[in-house]
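This report describes a protein chain together with its ligand. The text is to be read alongside the sequence and the structure shown here.

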Amino acid sequence: MLDNIKSYYKTEHGIMLCANSLEIMKDITSGSINLIMTSPPFGLVRKKEYGNVEANEYLNWFKDFAKEFYRILSDNGSLVIDIGGTWNKGLPTKNLYNFKLLIMLCEEFNFNLAQDYYWWNPSKLPTPAEWVNVRRIRVKDAINNIWWLSKSPYPKASNKRVLQPYSASMEELLKNGYIAKKRPSGHDISDKFSHNNGGSIPPNLIAIPNTESNSSYIRYCRNNGIAPHPARYPSELPEYFVRMLTDEGDIVLDPFAGSCVTGEVCERLNRKWICCELIEEYLQGAVGRFQEINQQVIRENITYSINKPGTMWDTATEGILPYDGGKKRLINQV
Ligand SMILES: C[S@@+](CC[C@H](N)C(=O)[O-])C[C@H]1O[C@@H](n2cnc3c(N)ncnc32)[C@H](O)[C@@H]1O
């Protein structure tokens with residue numbers, strides 16, 4: 001497999017290719033990939049520098065990739081796609097392309113939706129400014145969809161790989177015990193609830209700020225006069241799915257690799273990896289990720305919180321809603 005393909009860079013576990021992944025996948029054996037972990041170019045109404053596809057043409061563009069993804073994935077493998085939404089041009093409404101992609105992959109290409117995840121970036125700035133900051137008719141858009149898809153309804157997976165620390169109240173409960181009783185909803189909470197499973201099972205909302213500014217990758221780019229990739233995902237995002245869905249020695253493909261974050265994570269976790277990227281400059285920077293693989297990543301225990309709505313609700317000061325839904329800017333809105 002990939003014997004006749006020229007690599008851009010190789011490591012102990014992986015290979016970086018500067019090529020169109022559609023071409024490369026033709027050379028990948030059917031059923032040989034355990035996980036496809038990727039963030040494709042998002043469908044945008046305003047193009048980014050690496051040539052994103054127009055949201056309206058997105059499904060057509062994706063079809064050839066979808067066919068190959070299905071063919072090369074192992075029967076118990078997973079396809080995980082990080083995809084951001086986009087706004088319709090000049091309007092405070094969202095394009096549906098990310099949802100249509102999910103429906104197409106399941107209905108036309110036979111994938112199962114193993115689970116829908118949401119990646120919340122707590123450091124996201126309030127955008128789009130016109131609707132959020134100026135006219136105040138929408139809220140901050142801070143979520144990406146993560147579609148976890150699989151060929152079988154039972155892809156190999158274990159949530160034990162992604163446990164989180166128990167909350168203080170749960171720790172207390174584990175220490176003092178729990179009196180089994182029925183909840184008001186009728187659910188019977190048995191005494192198994194107070195069993196210590198080593199950590200709490202996380203929800204399908206992943207909170208990771210996308211704020212990398214002083215990593216060895218950024219320093220390598222800076223020292224070598226290379227522009228860092230403009231749309232990187234944080235390493236914890238692929239790491240979460242690589243840990244939950246693959247074992248050591250499994251093969252992970254990132255067909256839209258950008259700066260090879262996926263490859264870096266796999267190298268550290270002893271997974272084999274193939275990263276494919278069209279633009280050479282992104283790979284020049286990506287090489288910096290493999291100069292020194294740090295096995296001892298220091299993980300801080302950080303909790304991000306969102307207030308339960310209501311703390312600031314005040315009927316007396318809320319005023320009236322814009323009668324036209326914010327279609328016209330008000331005089332004092334700048
Ligand atoms: C959203 S970025 C991925 C960023 C990456 N996850 C990271 O964190 O660095 C999508 C990448 O896909 C690349 N790309 C688009 N079409 C491609 C293709 N047919 N084959 C390989 N790469 C492609 C783009 O050049 C872009 O760098």
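Helix α5 (residues 168–176) is hardly covered: none of its nine residues counts as buried. A residue is called buried if 20 or more other C-beta atoms lie within 10 Å of its own, exposed if 12 or fewer, and partly exposed in between, with C-beta atoms placed from the backbone. Helices (H or I, at least four residues) and strands (E, at least two) are DSSP runs, numbered from the N terminus. Just after α5, Gly177 adopts a positive phi of about 90 degrees.

The model is predicted: local features need pLDDT of at least 70, side-chain atom pairs count only at pLDDT 80 or more, and totals for chains, interfaces and linings use all residues. Residues are numbered from 1 along each chain as its sequence is written.

**Overall organisation**

The protein chain contains nine helices and eleven strands. Its C-alpha trace spans about 70 × 60 × 45 Å along the principal axes. Of the 334 residues of the protein chain, 29% count as buried. Two residues are in contact if their C-beta atoms, placed from the backbone, lie within 7 Å. Among contacts between residues at least 6 apart in sequence, 73% join residues at least 24 apart.

Domain bounds come from an automatic or database domain assignment. For the protein chain, this assignment gives domain 1 (9–162 + 201–317) and domain 2 (165–200). The centres of domain 1 and domain 2, taken over C-alpha atoms, are separated by 34 Å.

**The nonpolar core**

In soluble globular proteins, nonpolar side chains tend to be buried together. A nonpolar core is defined here as a set of buried Ala, Val, Leu, Ile, Met, Phe, Trp, Tyr and Cys residues joined through C-beta atoms within 7 Å. The largest such core has 52 residues, and those with the most contacts inside it are Ile33, Leu35, Ile36, Leu79, Val80, Val242 and Val252. When neighbours within four places in sequence are left aside, the contacts of Leu35 include Gly77, Ser78, Val80, Phe241, Val242 and Val252.

Two strands pair if DSSP finds at least two bridges between them. The pairings of β5 (residues 112–120) are with β6 and with β9.

Trp148 lies in strand β6 (residues 143–150). Trp148 counts as buried because it has 21 C-beta neighbours inside 10 Å. Its contacts, apart from neighbours within four places in sequence, are with Ser78, Val80, Ala114, Gln115 and Tyr117. The C-alpha atoms of Trp148 and Val80 are separated by 4.5 Å, although these residues are 68 residues apart along the chain.

The loop between β5 and α4 (129–134) holds Pro128, and the peptide bond from Thr127 to Pro128 is cis, with omega near -5 degrees. Ser123 is placed in the loop between β5 and α4 as well. Ser123 is exposed because 10 other C-beta atoms lie within 10 Å. Leaving aside neighbours within four places in sequence, Ser123 is in contact with Pro209, Asn210 and Thr211. The C-alpha atoms of Ser123 and Ala207, 84 residues apart along the chain, are 9.8 Å from each other.

**Positive phi outside glycine**

Asn110 has a positive phi of about 75 degrees although it is not a glycine. Its place is in the loop between α3 (97–107) and β5, and Asn110 counts as exposed because it has 11 C-beta neighbours inside 10 Å. Cys260, another residue other than glycine, has a positive phi near 60 degrees. Cys260 is found in the loop between β10 (251–254) and α8 (261–268). With 30 other C-beta atoms within 10 Å, Cys260 is buried.

The ligand is surrounded by 21 residues, and the closest are Ser21, Arg232, Phe256, Gly258 and Ser259. The elements giving two or more residues to this shell are α1 (21–25) and β11 (272–277). By class, the shell has 13 nonpolar, six polar and two charged residues. In this classification Ala, Val, Leu, Ile, Met, Phe, Trp, Tyr, Cys and Pro count as nonpolar, Asp, Glu, Lys and Arg as charged, and the others, Gly among them, as polar.

Technical notes: A residue is near a molecule or strand if its C-beta atom, placed from the backbone, lies within 6 Å of it.
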